[in-house]
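Colleague: I am new to this structure and would like to learn how to read the surroundings of its ligand. Please take me through them step by step.

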Amino acid sequence: MMQTIRQASSLTGTVSLPADKSISHRSALLSALGEGTSRIYNFPTSADPQSTLECVRALGISAGRTDEGVLEVEGQGLDELRPPDEPLDCGNSGTTMRLLAGIMAGQRFGSVLTGDASLRQRPMERIADPLQAMGARVELREGCAPIRIRGTQSGLKPIEYRLPMASAQVKSCVLLAGLYATGRTVVIEPTPCRDHTERMLGLKVEELGGERHLIVDSGHTVPATTWTVPGDFSGASFFLVAGSIVPNSELQLNDVGLNPSRTALLDVLDGMGADITIENERVLGAEPVGDITVRTAALSGVDVGGRLIPNLIDEIPVLSVAAACAEGRTEIRDAEELRVKETDRLHAMAQNLRALGVEVQEREDGLTIEGNGPNLLGGSVKSFDDHRIAMSMGVAGLVAHGATTITDAECARVSFPDFWTELHRLASV
Ligand code: S3P
């Protein structure tokens with residue numbers, strides 16, 4: 001499906017956001033391992049969390065919506081999953097594959113995890129290495145999925161594992177495998193990344209020598225519980241940027257997840273001169289949430305790198321759109337992880353922004369973007385079948401002169417099924 005976006009004169013109203021993707025995956029997986037029926041409020045219809053839900057069902061867990069739309073998952077405890085009849089299909093979802101692999105490594109039965117063409121090209125040694133160190137038998141095909149995991153009869157060995165990259169998926173994989181280890185598993189995190197798994201599992205966290213140590217002891221069980229998934233901050237980020245760069249705009253975003261390990265974009269946009277206010281901050285289950293208002297503002301270029309990067313890793317594509325519309329130069333550094341996402345996001349954004357007349361230099365670990373103020377030109381760009389690239393270019397299209405077309409734009413459904421409807425509804429041309 002091709003989307004055509006026209007230059008907007010304003011963007012106003014209240015954005016209807018999907019539920020947080022990261023928290024949704026974890027709520028489904030932890031509910032499946034829970035002892036009894038868990039209820040998940042606001043579980044989304046986005047394709048990635050649905051992939052996790054389908055995998056959970058393929059493992060013999062029954063899960064269905066009540067008339068009120070609440071997802072009920074009949075957890076059976078850690079050791080009562082059933083062998084799947086077929087390979088577990090993780091679709092486009094790296095989180096599904098990497099977290100589920102940690103759980104599968106602890107099972108008595110074997111399994112195969114696979115996914116779509118994009119997911120089958122993403123690096124999986126990063127999880128195979130620690131799982132093998134725990135004694136799991138994990139085989140990859142040329143470093144990638146399909147992942148074959150043989151069952152274990154004796155449980156896993158506990159390890160102390162220092163994360164070689166700031167990846168919440170790797171961290172979570174090892175922590176979930178740790179539930180099946182005989183002893184104490186410790187994951188050491190030199191650079192903090194999103195912390196939903198440790199929050200939701202209620203793990204012990206120690207701060208030692210400037211590093212976080214996350215601890216799972218054998219015998220850690222997962223109680224059945226009620227989860228309420230907040231609005232997705234990463235989904236909100238498209239509208240935070242759009243509301244900033246489109247003239248005469250004011251957008252309201254309610255019940256948005258504001259976990260500090262996710263919200264570095266707020267600090268960066270603040271440094272660029274954005275007009276964003278947060279009200280009604282509160283805690284929903286294990287997670288902070290709040291209501292955000294964004295209004296049009298003149299942005300200036302910024303330097304972003306270092307420890308901030310993992311806390312805005314998924315927001316960098318749309319940040320590069322903000323940079324393209326800002327006054328002056330923006331440098332994004334230390335973001336090489338973007339090359340192994342659903343597509344190579346540094347390359348995709350560089351190519352797409354150039355197609356709209358922006359001067360962009362692509363480096364191994366980032367981008368240098370010369371802000372073009374209000375002078376973006378409409379043009380034809382590609383989604384690269386990556387939801388965040390498609391939506392970022394949708395935001396750019398709102399300020400580009402004339403029309404911007406985005407090919408294969410339906411991939412937005414991976415995290416934000418109503419994105420295009422919302423964008424057209426809120427924009428006045
Ligand atoms: C996620 C972690 C991040 C992020 C992804 C979701 C998670 O990936 O990019 O969208 O839910 O744990 P990495 O762990 O590969 O950085």
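**The ligand and its shell**

Modeller: Domain 1 (3-18 + 230-428) and domain 2 (21-219) each give at least three residues to the shell around the ligand; the domain bounds come from an automatic or database domain assignment. This is a predicted model, in which local features need pLDDT of at least 70 and side-chain atom pairs count only at pLDDT 80 or more, while totals for chains, interfaces and linings use all residues. Residues are numbered from 1 along each chain as its sequence is written, and side-chain values use heavy atoms, with hydrogens and water left out.

Colleague: How many residues surround the ligand, and which are the closest?

Modeller: A residue is near a molecule if one of its heavy atoms lies within 4 Å of it. Here 13 residues surround the ligand, and S22, R26, S167, D314 and K341 are the closest.

Colleague: How do the residues of the shell divide into nonpolar, polar and charged?

Modeller: Ala, Val, Leu, Ile, Met, Phe, Trp, Tyr, Cys and Pro count as nonpolar, Asp, Glu, Lys and Arg as charged, and the others, Gly among them, as polar. The shell has six charged, four polar and three nonpolar residues.

Colleague: Which helix supplies the largest share of the shell?

Modeller: Helices are DSSP runs (H or I, at least four residues), numbered from the N terminus. The largest share, three residues, comes from α1; α1 (21-33), α3 (94-104) and α5 (168-178) each supply at least two.

Colleague: Which atoms of R26, Q169 and D314 lie by an oxygen atom of the ligand?

Modeller: A polar contact is a pair of N or O atoms within 3.5 Å. In R26, a side-chain N or O atom is 2.6 Å from a ligand oxygen. For D314, a polar side-chain atom lies 2.7 Å from an oxygen of the ligand, and for Q169 a backbone N or O atom lies 2.8 Å from one.

Note on methods:
A polar contact is a pair of N or O atoms within 3.5 Å; within protein, one must be able to donate a hydrogen and the other to accept it, and residues adjacent in sequence count only if both atoms are side-chain atoms.
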